[in-house]
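Student: I am new to this structure and would like a close look at a single part of it. Please take the cavity and the residues around it.

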Amino acid sequence: MTDPDRACYGFQVVQYAAYQDAIDVLMLSDALFFDDFKQRRVLDALVAYVKSHGGEVLRFSQMHSSGEKLMSLTGIAAILRYPFPDIDLLAETDALKTST
């Protein structure tokens, strides 16, 4: 992939992309599923949503170099179906709207 506008990382941004039906491939580190039960439920729901909307889900082991690299990028990332410039700013704006 050579288009940086077709990738995103960080839970808030990836979740925003999912609800825009923009995710082609969701990538998760398995380490995220071990932290706490509430986080696992949220991640399970996100995985189910992405799969139900035609996305592929890849889970990487934290014991493998690819999982380590993913954890260095927050542990969650996505390849998008189409370029989505400024998705991080849009996700942040949306989060601010829903929190007030």
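Tutor: By class, the lining of the largest cavity has five nonpolar, one polar and two charged residues; here Ala, Val, Leu, Ile, Met, Phe, Trp, Tyr, Cys and Pro count as nonpolar, Asp, Glu, Lys and Arg as charged, and the others, Gly among them, as polar. The model is predicted, so local features need pLDDT of at least 70 and side-chain atom pairs pLDDT 80 or more, while totals for chains, interfaces and linings use all residues. Residues are numbered from 1 along each chain as its sequence is written, and side-chain values use heavy atoms, with hydrogens and water left out.

The lining residues are A18, D21, A22, I23, Y49, V50, H53 and R81. A cavity is a set of points on a 1 Å grid, over the protein atoms alone, where a 1.4 Å probe fits but cannot get out, and a lining residue has an atom within 4 Å of a point. The volume of the largest cavity is about 40 Å³, taken as the space filled by probe spheres set on the points, which are joined across faces, edges and corners. Searching the whole structure gives one cavity of 30 Å³ or more.

I23 belongs to strand β2; strands (E, at least two residues) and helices (H or I, at least four) are DSSP runs, numbered from the N terminus. I23 counts as buried because its relative accessible area is 3%, and buried means under 20% with a 1.4 Å probe and protein chains only. Leaving out residues up to four places away in sequence, I23 touches V14, A17, A18, V50, G55, A78, I79, L80 and R81, where contact means heavy atoms within 4.5 Å.

Spanning residues 11–19, α1 has V13, V14, Y16, A17 and A18 buried. Among these, A18 also lines the cavity, and V14, A17 and A18 are among the contacts of I23. Just after α1 comes D21, with a positive phi of about 55°; D21 is another lining residue.

Further along, the loop between β2 (23–29) and α2 (37–52) holds D30. Apart from neighbours within four places in sequence, D30 is in contact with R59, F60, S61 and Q62.

How values were computed:
Buried < 20%, exposed > 50% of the residue type's maximum accessible area, 1.4 Å probe, protein only. 1 Å grid on protein atoms, 1.4 Å probe; cavity = no way out; pocket = protein on both sides within 12 Å on 5 of 7 lines; lining within 4 Å.
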